[in-house]
Amino acid sequence: MPGIVVFGRRWGIASDDLVFPGFFELFVRVLWWIGTMILFTYHSGRFDCNGRGFLHSYLVGLLVILALIILSLCAIVQVSAKGTITNPGPRRSIPALVYLRALLYIPELVWACLGAAWVSGDSKGCDPATVGAVIAAVVASWILLLFTGLGVVFVFDPLGNPRRAAAAMEPLGVRDLQSNEGTQFLSTARSLAVKVWESRLRLLCCCLPQDESHRAAFSSIAQLVGGFFSDTDLVASDIAAGLALLHQEQDKMELSRDPDAVVDHSPSSPIGEDLEAELEKAAHCMRFAAAAYGWPLYVYSNPLSGPCKLSGDCCRSRAAEYDIVGGEHLGCHFSSILHSTGLQYRDFIHVSFHNQVGPPPRPPVVCTPLCVHFRRQHPSGQFFATLVMSLFQIYEIPFYVALDHKREAVLVAVRGTLSLRDVLTDLSAECENLPIEGVSGACYAHKGMCQAASYIYKKLVNDGILNQAFAIAPEYKLVITGHSLGAGTASLLAILLRGSFPSLQCYSFSPPGGLLSKALADYSKDFVVSVVLGKDLVPRLSIPNMEDLKRKLLKIVSNCNRPKYRILLQGCWYELFGGDPDDFPTEMDNRREEELSQPLLGEESLMIRHSSSYQSLTSDDSPARSAAHLPLFLPGRILHITEDGPSRRSCFSQVRYRADWSNEMAFRSILISPRMLADHMPDAVLQALKSLTSERPFSLCPSSLNSNQHHAV
């Protein structure tokens with residue numbers, strides 16, 4: 001529901017969000033009141049120290065203040081628990097109760113100051129236990145006041161000033177928003193939202209240089225995020241409740257499906273032996289894709305042995321290695337790659353880690369023959385290398401090139417997200433034209449990853465890195481791989497290099513769903529294999545999918561007839577302990593649909609009338625549901641790996657996997673699951689592939705036994 005309006009502005013919480021914080025504070029206040037009452041009763045009439053009259057008055061006043069606070073909290077919790085998310089009528093008295101509770105902070109602050117004054121001045125000669133109790137009361141008061149202040153800052157909404165909205169709505173009335181004025185109001189709201197999000201991004205990325213490229217990226221991301229959230233009036237807890245409801249709804253739909261349902265294979269998707277061969281290749285390439293993350297993932301995957309293995313290599317002088325390694329931190333990244341891949345130093349052609357956060361302790365060397373020559377001829381060239389390092393921009397993600405003698409391949413591995421610059425690349429989700437010769441149809445791709453692929457392409461081709469590799473091993477083939485951000489960049493890099501290397505192959509692990517246009521996705525099926533584990537969020541993450549998720553959240557939240565605190569409690573229990581999904585209502589009646597069509601400022605409304613994403617909610621296939629953003633798809637053929645067995649299992653049971661070919665339409669909807677983020681981790685993907693290739697007779701299922709998990713919910 002809309003955020004609560006108090007003190008002349010709208011806040012980032014709703015009137016039904018005060019149940020849990022109110023109950024927690026109520027619990028603390030009751031214990032505090034009981035302890036104070038015990039202390040007062042025990043010492044009643046026997047205060048035999050200096051300032052005993054002041055102490056007696058202090059304890060009486062504290063009991064009265066705590067009692068008033070307890071009563072106000074009881075009223076807030078009771079009223080906040082009434083109604084539903086979209087029915088705030090029973091909670092209309094919440095603003096008045098909030099004002100009352102705010103007034104009680106004044107005497108509490110005064111009493112905390114008086115208690116501190118008594119302890120510092122008149123407490124001499126008193127019972128140490130009594131003095132300690134007063135000190136504890138004063139400290140508790142200040143702690144609660146501090147947390148209250150932090151809470152106010154946390155729920156402060158920069159877009160919450162209702163004056164502009166009221167002025168825009170006043171001439172027309174709440175229910176008669178005309179087209180021109182409504183469009184102007186929506187445009188103003190979005191403009192303000194973009195400015196706020198741009199300021200947030202600059203604050204979050206304050207350690208990055210505020211140059212022109214970063215400012216452009218901040219502006220682009222702010223427009224995307226601000227535009228996405230500007231047509232809804234949901235607070236964070238509403239979204240959390242909607243996700244809990246949607247997860248149970250999806251599980252309920254999955255349980256109700258026909259267990260004999262079979263997923264049809266794409267005509268271009270082979271089965272049988274080809275699937276086994278691709279799994280072997282994918283498991284091999286995933287080691288290189290995971291190694292590109294350097295020492296953080298290596299230590300995370302090997303918490304006991306990893307630090308010991310790297311400790312002898314880090315900080316060791318390796319002057320010769322810096323001819324191929326750029327932007328390294330103490331040598332730990334390159335050492336972890338050697339341990340992860342099993343390759344030797346001589347097998348590497350180029351290694352770059354230049355966009356790590358923070359300046360490297362040793363000046364980096366730009367990995368080009370010109371820079372190497374400059375450094376050897378001019379020792380002072382370290383300053384030149386450092387200067388070049390400072391000019392590195394976003395979209396320039398690390399990668400390495402090595403000779404894989406086992407598979408007879410020149411392997412290019414692109415790193416996934418590991419720095420703020422990588423996050424900015426991920427969030428630059430606008431479409432960018434990517435014309436490819438011989439591909440008919442619209443050719444466009446994810447802007448950030450397209451820019452990153454172009455950067456690596458120029459490094460590989462213009463700097464002669466690939467020429468150097470194939471001069472050493474001319475009979476080898478080109479293989480490109482990466483995970484997550486690296487997977488999307490690797491797929492686009494493969495498309496760019498396809499004309500020069502017709503036999504190249506690309507293995508893309510957990511690639512982002514919003515990557516390629518349909519024409520480019522079909523074109524990449526001949527040389528790109530995407531591997532997706534379980535209900536991984538990232539391969540299903542695209543702007544149209546997010547719009548679809550937002551629409552589903554609005555539908556299910558608007559129809560639930562239970563208070564929010566019960567939804568969140570039951571949702572937490574379901575996520576932790578499982579059980580049967582609750583039977584929540586999911587279909588809208590006419591009354592609810594009409595309420596959803598009302599303007600933003602209506603107390604019961606959840607969205608703006610003129611949003612392009614919500615012109616109609618009556619049908620999922622409605623023409624009005626045409627996406628405002630161009631559709632983007634996963635690259636290549638898609639190999640989907642799922643757990644074989646019940647979705648809920650004990651922590652000590654061995655996980656078994658199954659794999660089969662899927663298609664891009666199976667990933668056109670976001671699936672809510674506790675593992676939607678865990679399934680994206682590179683170590684989880686690597687473990688699943690190792691399990692499949694080492695226990696294939698037990699974990700690899702033929703297509704006739706394919707699970708219905710390949711269907712999009």
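**Salt bridges and a surface patch**

Modeller: Asp 16, Asp 17, Arg 91, Asp 238 and Lys 564 are joined to one another in a network of salt bridges, and please keep in mind that this is a predicted model.

Colleague: How many salt bridges does a search of the whole structure find?
Modeller: The search finds 22 salt bridges.

Colleague: Which residue pairs with Asp 274, and how far apart are the closest N and O atoms?
Modeller: Asp 274 forms a salt bridge with Arg 637, where the closest N and O atoms are 3.3 Å apart. Arg 637 lies in strand S12 and Asp 274 in helix H10, so this pair ties together parts that are 363 residues apart in sequence.

Colleague: Is Arg 637 buried or exposed?
Modeller: Arg 637 counts as buried because its relative accessibility is 11%, below the 20% limit for that class, whereas Asp 274 is partly exposed at 27%.

Colleague: And what is the distance between the closest N and O atoms of Arg 637 and Glu 278?
Modeller: Those atoms are 3.2 Å apart in the salt bridge that Arg 637 forms with Glu 278, and both of these residues are buried.

Colleague: Changing topic, which residues form a nonpolar patch on the surface?
Modeller: The patch is formed by Ile 135, Val 139, Ile 143, Leu 146, Phe 147 and Leu 150, which together have about 570 Å² of accessible area.

Colleague: Where is Ile 143 placed?
Modeller: Ile 143 is in helix H5, which covers residues 128-155, and with 41% relative accessibility Ile 143 counts as partly exposed.

Methods: Residues numbered from 1 in each chain as written. Predicted model: local features only at pLDDT ≥ 70, side-chain atom pairs only at ≥ 80, totals over all residues. Heavy atoms only, no water. Patch = residues over 30% accessible without salt bridge, like charges linked within 9 Å, V, L, I, M, F, W, Y side chains within 5 Å. Areas by Shrake-Rupley, 256 points an atom, 1.4 Å probe, with all protein chains shown as cover. Salt bridge = Lys/Arg side-chain N within 4 Å of Asp/Glu carboxyl O. Helix = DSSP H or I, 4+ residues; strand = E, 2+ residues; numbered from the N terminus. Buried < 20%, exposed > 50% of the residue type's maximum accessible area, 1.4 Å probe, protein only.
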